Amino acid sequence: MTTEDVPLQPISEELGVGIQDKPTQMVRNPSDLVGVIGCALGIVLVCLTVVYAHNTTEGISEDVQGFAVLLQRLLFVPVAVLDTIVILFPPIAVGIDLLVRRYPIVALRGLFGAIGGIILTVVMVFLLNLVAPISLVSGLSVRLGGSDVMTIPPYVAAITALLTAVATPASRRSITWSWNFLWMAVVVAVVTTTAALPGMAIALLIGRLAGYAIRYGMGVASQRAYGQALVDGVRRAGFSPVILDRVSTIGVRETGESIQGVQTPQFFSDHRLYVMETDEKKMYNVIVLDGDRQMMSILTRVWRYLRSKAIQGGTTLSLRQTAERTALISYAVRSCGVSTPNVLAIAEADDSMLIIREATKASVSFVDLDSDQVSDELLDRMWNQILKAHRCGVAHRSLTPECFRVSADQKVSVLGWESGDVASSELAARIDLTQLMAVMATKVTPERVLASAGRALEEQELGELGPLLQIPAVPKQTRDNLGDVKEVLAQLRTQLLSHLPDAEVEPEQIARVGARTVLMIVLVTVAIIVVLTSFNLAEVVDAIRHSDWRWAVGAFVMGLMGFVGASLTLMAFSPVKLRFWRAVMCQISAAFVAVAAPVGLGPAAVNVRVLTKKQVPTPVAAATVALTQVSNIVVTVLLLVVLTAITGTSQLTSFEVTPGVLVGLIVIAAVISGLLIVPKSRTWLLARLTPMLKQTWPRLVELFSNPYRLGLGLLGNLIVIVSYVTALQWAVFAFGRDISFLGAALVYVIGTAAGSVVPTPGGMGPIEVAESAALVSLGINPGVAASIVLLFRFVTYWIRIPLGWVAYKSAQKLGEL
């Protein structure tokens, strides 16, 4: 809304304060939506607990029901009578109370909530009877009248939904007593075996879900501070307001004059900003933080924490903490000499916190400046403001063009520190400087941006910004003003390299959780659910009971042979002479490094380090390691072709090609075809492959001139593959199952490919899921397949980590790493 939406007028003669505002009567509280999601997850968790922890839930129910005899002696009214009281008292008491106090909308909301609770319960019972496994239905049932009856009491869900829907921060006594009666009835019903404990828990969760859904759908009465409450809060802070104008994001009256294009700091975009004039004719800003928006602030900060490593841990849980944090950061940056409005006072009013600060001086937002108005002196002043804050350990974390205000004499002030951090990390400071470069690039050329950065920063500081010139480091508001973000950032990197040719510009990982990680978590979760739902515990126990530990020992030994093969390959392809046992030690140390690196990257990093310690130039070392990886792929493919030709295709008939697998193969083929057909994706693919080919081709030509070394390298790769495939095959034998060498090779290749596509540390998750699924397609029970894969990973990954640590320390002492 704009400041012209509502005419300026006093709210009362006694108050004598002109308020230009439009109060919100009903609000949708995001915390209610979070409650809906939480209750839904709770219902799923209870169902999973009943299915997979049946004995535990049954034991708890029996312990609780042990008090049934004692309780029946203590009760002076029958259980049926108590249930009737619970069914009748809350609706009548709460309904009369709300209608007498003239809250018909709240009463209607409670009625809709109760109806919704009953409907959801009926639907839940119908779906459970239709699709739920027998173990779940049994866990939700009690013995009544000689037969098992599923008990998810609709009246409990209805009353819970009613009380949830009508709840307010200052709930009435009738609501409090109704909750007490409900809890009493729930305990009695569970103890006297008229309802199962899990069924009662689901009923309560359904009721809360329905109540929260109705609250969010219909909205609740606003508890925000408006009018008299707002003025009283300002007065408690020590100010005497005469005018309070609500600020818009289009035309804002901040300093007594209309300033085109002024915007509020992004941190307060979900809150309210007022311009206050006191009886002394002074202007101030009043920022109002509303309680119903606090949940969004918490979720936003948590999301930003997950998205960026620069965000410090911890979050504010209350409005008071948020206001105190704002004041703290304001005092901190002003003490550093940064020009920013000062926070003068904090006050509380209703469900809102008021922050009173100095009014923004007459100025123009950086976003509204023309390019010819941005001088080099102005750019230097912008650098100076941010560097002052960094010298005091304060990071802004969200610099955008709207954060910078420029006065008529080209002085700069910085807003939006409310989202910053004190005692911030070095990474947070670097991201601030990167964001500042992006802000400047919205108005001036990359050449001028780098020139100004060169004047403000040391060469080392400037060089450290190269890896952060990437899209995730730039806020959305800045990206919207940059146009082609990728092109601008590429130009900035080019200019950086022109200033510092040796600077590193390869993007640095700054996101804690990316899209690939989320996808991996979802896929692994789905796979685990699929495995658990088809888990035959009896068959797994029988397989473990009859397993042969000698095969497991043999699998461990065969896995160790892979170190020998990797050492031979490295020695064959290395441009310098390497000693065999020290090469083996370095390959064993890679088992320790692989804990924190995706599949293949740990050994590659160790091999590059080994070669560079031998005075091999880094490009040549990287080309050698790339060649070992390419040769490994070639040998793997050739081995599969040879095995298929020797053994015949009958070895593969045990693989079950289900419709889902067929659809998956078609999708993969379509994606690959699309990558090759679309010009942009084809260019991207060539950009990835061409550098590797350019690196490996000279080394490959050199190796072709020495057949002995080429053959030794291929032999080493063959030993690596055969050792791991044999280890997997023997892990299958350990559980009394059978698999051909070709089948084990395919399972191993599928697992390795999954670990490469989803680059988790050590391939944890994707490898286990992919190999388990491949073994299941061979006809092995999912539980047994998972046990086989866990044994294989234990003997070829987990148990080798301590060995790798010892080898790593030894190699460091010997100067090999």
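The paragraphs that follow take these topics in turn.

This is a predicted model, so confidence is the place to begin. The mean pLDDT of the protein is 77, and 76% of its residues reach 70 or more. Over residues 249–268 the pLDDT is below 50, and this stretch has 59 contacts in the model beyond near neighbours in sequence. Residues 649–655 also have a pLDDT under 50; for them the model has twelve contacts beyond four places in sequence.

Rolling a probe the size of a water molecule over the atoms shows where empty space is left. The structure holds three cavities of 30 Å³ or more. The largest cavity has a volume of about 90 Å³. Its lining includes Thr-326, Ser-330 and Val-333, along with Thr-340, Pro-341, Val-343 and Arg-357. Leu-415, Gly-416, Trp-417 and Glu-418 also line the largest cavity. Helix α12, residues 319–335, gives the most to this lining, with three residues. Sorted by class, the lining of the largest cavity has five nonpolar, four polar and two charged residues.

The second largest cavity holds about 50 Å³ of space. Leu-578, Arg-579, Arg-582, Ala-583, Val-610, Lys-614 and Glu-816 line the second largest cavity. That lining divides into three nonpolar and four charged residues, with no polar ones.

The last topic is the cysteines. The count of disulfides comes to one. The bond is formed by Cys-336 and Cys-392, whose sulfur atoms are 2.3 Å apart.

Cys-392 has a relative accessibility of 43% and so counts as partly exposed, the class between 20% and 50%. Cys-403 is buried because its relative accessible area is 1%. Cys-586 is buried too, with a relative accessible area of 1%.

Conventions
Residues are numbered from 1 along each chain as its sequence is written. This is a predicted model: local features need pLDDT of at least 70, side-chain atom pairs count only at pLDDT 80 or more; totals for chains, interfaces and linings use all residues. Side-chain values use heavy atoms; hydrogens and water are left out. pLDDT is the predictor's confidence in each residue, from 0 to 100. Contact means heavy atoms within 4.5 Å. On a 1 Å grid over the protein atoms alone, a cavity is a set of points where a 1.4 Å probe fits but cannot get out, and a pocket is an open set with protein on both sides within 12 Å along at least five of seven lines; lining residues have an atom within 4 Å of a point. Grid points are joined across faces, edges and corners, and a volume is the space filled by probe spheres set on the points. Helices (H or I, at least four residues) and strands (E, at least two) are DSSP runs, numbered from the N terminus. Ala, Val, Leu, Ile, Met, Phe, Trp, Tyr, Cys and Pro count as nonpolar, Asp, Glu, Lys and Arg as charged, and the others, Gly among them, as polar. A disulfide is a pair of cysteine sulfur atoms within 2.5 Å. Buried means under 20% relative accessible area, exposed over 50%, partly exposed in between (1.4 Å probe, protein chains only).
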